[in-house]
Amino acid sequence: LNLDEMLFQNFQHKALHHILQHLEPWLIENTDEDEQFSVEKNFNAVVEQNKGAMFTFGLIPMRLVYTLFFAELFIAEYYHCMCQSSETGGLVSTPQALPTEQIYPLMAFVFPWYNNEHVEEIIGRPRKALHHILEHLEPWLIESTDEDEQFSVEKNFNAVVEQNKGAMFTFGLIPMRPVCTLIFSALFMAEYYHCMCQFSETGGLVSKPQALPTEQIYPLMVFFFPWYNPEHAEENYWTPPR
């Protein structure tokens, strides 16, 4: 035995030994007929199959072809919808007009060529449209600070002192994420020891006796609920040492 085989034989769990010994091969396709062919028969079959075929479609990278095809299609669709021919013969962007309302229709999101109603006045090229948008932006106030701005520095200081008077501790100082992590870690560890362990004669906790399942199908309930116990054989293959 090699070193890794010796380690596996002596230190791995007996349940893993049992699983690996009872594995069955999974045949993707039946190759019994092909295995009966000799080397000469295989060579003649390949030559006969490819006779006169200097090129096969299997050599074409179809994903690359699809990628190039759709890329060209979308680029052509963009220039067709967003550009127009100029007097010099090239392509330039179409004139831009502001929409009549600020609601972005779903049809325009799904179908970019869908034209919503626009005002008659053209604001110019996309660069000028961006200027127009930025010039007409309005501030968005999360909360009104008009009353707070009227306070002086002394009033603000007194308000903070009055608010925190007698409060040497606040819950805002507690890091809630580490606290929740510790609580759930302790909860899951307690659930593991409750389901997988039992008290020994010496007073400590040891693993429960292990029995092989009656079938090799892994129930879905065990995956979601570890405390769900499927049917096991009556005889235990492992018991805690005494």
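Modeller: About 1,100 Å³ of space lies in the largest pocket of this predicted model. The general idea behind such a figure is simple: rolling a probe the size of a water molecule over the atoms shows where empty space is left.

The lining of this pocket consists of 30 residues. Those that lie nearest the centre are Ala-211, Leu-212, Pro-213, Pro-230 and His-232. Sorted by class, the lining has 19 nonpolar residues, seven polar ones and four charged ones.

Helix 2, which spans 14–21, and helix 10, which spans 176–196, each supply at least two residues of the lining. Helix 2 gives the most, with three residues.

Leaving aside residues up to four places away in sequence, His-232 touches Ala-211, Leu-212, Pro-213 and Thr-214.

Next comes helix 2, the helix that gives the most to the lining. Two of its residues can be described one by one. Ala-15 lies in helix 2. Its relative accessibility is 18%, which is under the 20% cut-off, so Ala-15 counts as buried. Ala-15 and Trp-238 are 223 residues apart along the chain, yet their C-alpha atoms are separated by 9.0 Å. His-17 also has its place in helix 2. With a relative accessible area of 13%, His-17 is buried as well, because that value is under 20%. Not counting residues up to four places away in sequence, His-17 touches Phe-8, Gln-9 and Gln-12.

Some figures for the protein as a whole put these residues in context. The protein has 242 residues, and buried residues make up 6% of them; Ala-15 and His-17 belong to that group. There are 11 helices and six strands. Of the contacts with a separation of 6 or more, 38% are between residues 24 or more positions apart. The protein exposes about 23,400 Å², and carbon and sulfur atoms supply 61% of that area.

One further feature of the model concerns aromatic rings. The count comes to five aromatic pairs. In one of them, the rings of Phe-69 and Phe-70 have their centres 5.3 Å apart and their planes at 75°, so the pair is edge-to-face. Ring pairs link Phe-69 and Phe-70 with Phe-74 into a cluster. Phe-69 has a relative accessibility of 52%, and so it counts as exposed. Phe-70, at 40%, counts as partly exposed.

Conventions. Residues are numbered from 1 along each chain as its sequence is written. This is a predicted model: local features need pLDDT of at least 70, side-chain atom pairs count only at pLDDT 80 or more; totals for chains, interfaces and linings use all residues. Side-chain values use heavy atoms; hydrogens and water are left out. On a 1 Å grid over the protein atoms alone, a cavity is a set of points where a 1.4 Å probe fits but cannot get out, and a pocket is an open set with protein on both sides within 12 Å along at least five of seven lines; lining residues have an atom within 4 Å of a point. Grid points are joined across faces, edges and corners, and a volume is the space filled by probe spheres set on the points. Helices (H or I, at least four residues) and strands (E, at least two) are DSSP runs, numbered from the N terminus. Ala, Val, Leu, Ile, Met, Phe, Trp, Tyr, Cys and Pro count as nonpolar, Asp, Glu, Lys and Arg as charged, and the others, Gly among them, as polar. Rings of Phe, Tyr and Trp (its six-membered ring) pair if their centres lie within 6.5 Å; planes under 30 degrees apart count as stacked, over 60 as edge-to-face and the rest as tilted. Buried means under 20% relative accessible area, exposed over 50%, partly exposed in between (1.4 Å probe, protein chains only). Contact means heavy atoms within 4.5 Å. Accessible areas come from the Shrake-Rupley method with a 1.4 Å probe; for residues, only the protein chains shown count as cover.
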